[in-house]
Amino acid sequence: MVDPIDILVAGGHGQVGQALAHAAWPRNVRLHRPTRSDLDLTGEAALSEAFRRTRFAAVINAAAFTAVDAAQEQAGDAFSANALIPARLADATRRTGIPLIQLSTDCVFDGRLDRPYAEDDATGPISVYGASKLAGEIAVLSANPRAVVVRTAWVVSARARNFVRTILEAAAERSELSVIADRVGSPTSADDLARALITLTTAMIADPAAPTGVYHCVNAGEASWADLATEAVRLAGLRTAIVPIPATDRPAAAPRPGNSRLSCQRLTRDHGVRMRDWRPALADIVADLKREKGAP
């Protein structure tokens, strides 16, 4: 009989956490996805007790304060969730000698490059959210030598609230939608991201000498928000017109990078992960949403 492998997923009921729960792990893996009421990540005593009760083989931290605009006014809450909690998880995993996989974001960059960002490009967040996530990266990489930071961007799925679900719900009721066209990024399927995280996490568990550091993980290709909305509407069979607009037409509390494209070459080189193009990934998401609604 193969011994079970216990993995703690912090933020396990968010979009990425749900994707991890639905993904195909090795049969002996047991995911632990405590709710906030089950495990208070802000409390050191609660975290210590969780590690005392269960001998985890790895921790994936998908917990985060992700309300980018709200973070501008709630900086304390953003830094608590995005920097303090990762620091505590890094300390706990370092003491037990296990890997920590920390989810991060394209928002650690200022978005001014004219090419996809590589992992070693200079960071320069332009929002409180981005600054808090960068602080979390620094905390885990400095505390646990077996830590890995996985930056992703524009995550969408058939679960939870995200851009694609919002657009399709609005498109079902309106004949025209205005969507920002001058921000470009790499749309990412939560399910595809989850599969990459499985490869990375199992490799880290199996080999203490596995490469660590920062990796980018997004679907291949690029799109503007308007491109993504147009393709989602087309795949859903809706007739809604997507009207491209500049970001200046829709001011927000927090600035966003104009270029959120990320290069995944390091992930492919070190772990053999090749992310498919975002279009077929989006087609799978829209098909799942159709099935959810009982559409043919």
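Predicted model: local features only at pLDDT ≥ 70, side-chain atom pairs only at ≥ 80, totals over all residues.

**Entry 1: the sheet**

Next I looked up the two strands as a pair. Strand β4 covers residues 100–105, strand β5 covers residues 147–152, and the two run in the parallel sense, joined over six bridges.

Which helix packs on the sheet here? I found α5, residues 128–143, which touches β4, β5 and β10. The direction of α5 makes about 160° with that of β4.

Then I zoomed out. The sheet is open, has six strands and reads β2-β1-β3-β4-β5-β10, with parallel pairing. At the edges I noted β2 (29–32) and β10 (213–216), each of which pairs on one side only. From one strand to the next, the twist averages 20°.

**Entry 2: aromatic rings**

I looked up ring pairs, which are described by the distance of the centres and the angle of the planes. How many aromatic pairs does the structure hold? I got four.

The one I wrote down is W154 with W225: the ring centres are 3.7 Å apart and the planes sit at 15°, so I have this pair down as stacked, the cut-off being under 30 degrees. W154 is in the loop between β5 and β6 (155–156), while W225 belongs to helix α8 (residues 225–236), so the pair ties together parts 71 residues apart in sequence.

**Entry 3: the cavity**

Now the empty space, which shows up when a probe the size of a water molecule is rolled over the atoms. I counted one cavity of 30 Å³ or more, and the volume of the largest cavity is about 30 Å³.

What lines the largest cavity? I listed V156, P187, T188, S189, N219, L228, W278, A281, L282 and I285. Helix α10 (278–292) and strand β9 (188–189) each supply at least two residues of that lining. The largest share, four residues, comes from α10. By class I have seven nonpolar, three polar and no charged residues around the largest cavity.

Last stop was the second largest pocket, with about 220 Å³ of space. It has 11 lining residues, and those closest to the centre are L168, A236, L289, K290 and K293.

Which elements give two or more residues to this lining? I noted α6 (163–171) and α10. The lining of the second largest pocket splits into seven nonpolar, no polar and four charged residues.

Conventions: Residues numbered from 1 in each chain as written. Heavy atoms only, no water. Pairing = 2+ DSSP bridges. Axes fitted to C-alpha atoms, helices over the stretch in contact; angles between N-to-C directions. Contact = heavy atoms within 4.5 Å. 1 Å grid on protein atoms, 1.4 Å probe; cavity = no way out; pocket = protein on both sides within 12 Å on 5 of 7 lines; lining within 4 Å. Points joined across faces, edges and corners; volume = space filled by probe spheres on them. Nonpolar A, V, L, I, M, F, W, Y, C, P; charged D, E, K, R; others polar. Phe/Tyr/Trp six-rings, centres within 6.5 Å; stacked < 30°, edge-to-face > 60°.
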